[in-house]
Amino acid sequence: MSLIKKPSLSFWQIFNMNVGFLGIQYSFGLQQTAINPIFLYLGAPEEMLPILNIAGPVTGLVIQPIIGAMSDKTWSPKWGRRKPYFLIGAIIGSICLFAFPSSPVLWFAVGLLWILDVGNNMAMEPYRAFVGDKLPEKQLSLGYQMQSLFVGAGILLANGSIVLFQYLFGGESVEVAGEIPQWLYYSFYIGGMLSIATILWSVFKTPEIPPSDEELEKINHDKGQPFGVRVAKPFKEISSAIKQMPSFMWKIGAVYLFQWYALFIYWQYITPLFKLTMGYSTSEAASQSAQMSLTYNIVTMVVALALVPLTLKYGGKKVYAYSLVGTALALFVIPFIDDSLLVLIPMVLFGIGWAAMMGIPYTMVSKVVPQERRGVYMGILNMMIVIPMGIETLTFGPIYKYLLGGNAVNAILFAGVFFLISAILATRLNISKSTSEIEAK
């Protein structure tokens, strides 16, 4: 297939292209820090937290590869290829964020989480492919680490708002069983506005590269197919892509199995941990959890672009593996610190790890996969994220209750062990150039 030569973009063009990721990640930050406390406010027992979070893995598993395959075969002269999908996703996400804090009962909040995850997944996957579409290979690392910077910024703003509003309006409030405190509403309202506003910024600031004549002919041919054929097309594309998937992606999948299982444990049990180790109420523990996330995402913002020259000099494999070791060390010490300020120090290591996780694998995979199938392969990469999350939601509740004694300290230490395993597996991310893939030194 003939490929269009991509011009190099300026720093600010790459910046504008990724602004939309800020709103998506603000929403993701609320999911990390505020959703599980909301479930607790509405009466959910701690051992139910994993299964109540199953919406993310299931919707990611279903939505992202399908949207990726569909966006590969889409072109609108007015809206482009990827932008229609992340615009619709942002609208869905915004509506859910405005509605979430008004959830009257647990089942309503759980249902909203499902819809919110559909919107976020619709927006997330095409955005990953969008960067790969626009940038020449020499700028891919900068493009994806810029996304990593906005991951940090979005989650930072989300958690910063939680800390601020809890400090301003939550200190004297009395927790009422079955009710979400008013101070938490404001963070969700900001997220609803930010989600759509930042996406619109990128939509109007960044034109997409038109498909080649050959690609356009194929897209138009697919549009002319019967409805049933068009519906089945994404599923066939996903199946075909998995069969032809580069071996490097299977190795990434092994790393992700332990990495994302561990991350889901951390997000679910950091609030219960502080209730145990510091004797906090749910509101105080949620605020402390937000401060943890605030800290590591500040670090992510600071180091995200600094990782670009490091990966060029030492190779993505080494930087990625060492970052996972640092994340494991952070989780090993957090449960044994009972000071609200000292416990923030390990989050420096966590933030470096988060910056690497959000950028380096995408850079590697974007170089491995064929340009014309980048959307579907980015969707498959997300499947490798959500499958471990799904496994965690189904398995960790019983593990927590029966193997770990229902103790949040043990849960966080368990996650640290899984990060160490993922670091060991990351040392295998080395494929020779002779296979026409990449060498992750």
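**Exercise 1. Determine what share of the 441 residues of the chain counts as buried, and describe the overall build of the chain.**

Solution. Of the 441 residues in the chain, 61% count as buried. The structure is a predicted model, and every value below is computed from it.

Step 1. The secondary structure consists of 18 helices and zero strands.

Step 2. A compact globule of 441 residues would have a radius of gyration near 22 Å; the chain has 21 Å, so the two values agree. Along its principal axes, the C-alpha trace spans about 65 × 45 × 40 Å.

**Exercise 2. State how many cavities of 30 Å³ or more are counted, and characterise the lining of the largest cavity.**

Solution. Step 1. The count gives four cavities of 30 Å³ or more. The largest cavity holds about 420 Å³ of space.

Step 1. The largest cavity is lined by 27 residues, and those closest to its centre are Phe-28, Asp-117, Asn-121, Met-124 and Met-389.

Step 2. Several helices each supply at least two lining residues, among them H2 (20-33), H3 (35-41), H12 (247-277) and H17 (374-403). Helix H7 gives the most, with seven residues.

Step 3. Sorted by class, the lining contains 13 nonpolar, 11 polar and three charged residues.

**Exercise 3. Decide whether Asn-121 is buried or exposed, and list its contacts beyond its sequence neighbours.**

Solution. Step 1. Asn-121 belongs to helix H7, the helix that gives the most residues to the lining of the largest cavity.

Step 1. The relative accessible area of Asn-121 is 7%. A residue is buried when this value is under 20%; Asn-121 is therefore buried.

Step 2. With neighbours within four places in sequence left aside, Asn-121 is in contact with Gly-56, Thr-59, Gly-60, Ile-63, Gln-64, Pro-126 and Asn-382.

**Exercise 4. Describe the second largest pocket by its volume and its lining.**

Solution. Step 1. The volume of the second largest pocket is about 340 Å³.

Step 1. Its lining comprises 16 residues; Lys-73, Asp-222, Arg-230, Lys-233 and Pro-234 lie nearest the centre. Two or more lining residues come from each of the helices H5 (55-72), H10 (213-223) and H11 (227-243).

Step 2. Helix H11 provides the largest share, six residues.

Step 3. By class, the lining of this pocket has seven nonpolar, three polar and six charged residues.

Definitions and conventions
Residues numbered from 1 in each chain as written. Predicted model: local features only at pLDDT ≥ 70, side-chain atom pairs only at ≥ 80, totals over all residues. Heavy atoms only, no water. 1 Å grid on protein atoms, 1.4 Å probe; cavity = no way out; pocket = protein on both sides within 12 Å on 5 of 7 lines; lining within 4 Å. Points joined across faces, edges and corners; volume = space filled by probe spheres on them. Helix = DSSP H or I, 4+ residues; strand = E, 2+ residues; numbered from the N terminus. Nonpolar A, V, L, I, M, F, W, Y, C, P; charged D, E, K, R; others polar. Rg over C-alpha atoms; globule rule 2.2 N^0.38 Å. Buried < 20%, exposed > 50% of the residue type's maximum accessible area, 1.4 Å probe, protein only. Contact = heavy atoms within 4.5 Å.
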